[in-house]
Amino acid sequence: LFEFVLALESIYDERVFQRRDGEKGGQLCVSVDVCGGILFEFVLAENSSSGCAEAGGNTTRRVKLHNLPPIVLAFQFPDNYPSKNAPSYSLTCKWLSREQLSKLCVALDDLWEES
């Protein structure tokens, strides 16, 4: 198990993978780059910025995003991994809903069951 964690540490730099000292686990931070960008539009309740379009007293802003916050997978290997138990993990992401995160967790659990 420790060898697996060391292998991850040797493959990824500390921005992507952080090993938990003294533990059999770590954290992967997967960055999301958006090819070509995504146009994000939002409405501000107060008119506080210049260069914005007015929409019914509110201020509309448009921003092109090229990167999204990372998807973070924190994991811990049990002593009897992989012979009996799957790793425990948590998956977090600021821009995915609970339902979307839950579906990803189900997919990860299914991968474990298949192997």
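## Cysteines

Is Cys 93 buried or exposed? In this predicted model, Cys 93 is buried, with a relative accessible area of 11%.

As for disulfides, the count here is zero. To put that in context, a disulfide is a covalent bond between the sulfur atoms of two cysteines. The rule behind the count asks for a pair of cysteine sulfur atoms within 2.5 Å, and by that rule none turns up.

## A negative patch

Now for some charge. Asp 109, Asp 110, Glu 113 and Glu 114 gather on the surface as a patch of negative charge. Two of these residues, Asp 109 and Glu 113, are worth a look one by one.

Asp 109 belongs to helix α2, which covers residues 98-114. Its relative accessible area is 39%, so Asp 109 is classed as partly exposed. Glu 113 is found in helix α2 too, and with 63% relative accessible area Glu 113 counts as exposed.

The C-alpha atoms of Glu 113 and Ala 86 are 8.7 Å apart in space, while 27 residues separate the two in sequence.

## A cis proline

Which peptide bond is cis? That would be the one from Tyr 81 to Pro 82, where omega is near 0°. For background, most peptide bonds are trans. If you want to find Pro 82, look in the loop between β4 (58-76) and β5 (88-92).

Technical notes. Residues numbered from 1 in each chain as written. Predicted model: local features only at pLDDT ≥ 70, side-chain atom pairs only at ≥ 80, totals over all residues. Heavy atoms only, no water. Patch = residues over 30% accessible without salt bridge, like charges linked within 9 Å, V, L, I, M, F, W, Y side chains within 5 Å. Areas by Shrake-Rupley, 256 points an atom, 1.4 Å probe, with all protein chains shown as cover. Salt bridge = Lys/Arg side-chain N within 4 Å of Asp/Glu carboxyl O. Lys, Arg positive; Asp, Glu negative; His and termini not counted. Charge placed at Lys NZ, Arg CZ, Asp CG, Glu CD. Helix = DSSP H or I, 4+ residues; strand = E, 2+ residues; numbered from the N terminus. Buried < 20%, exposed > 50% of the residue type's maximum accessible area, 1.4 Å probe, protein only.
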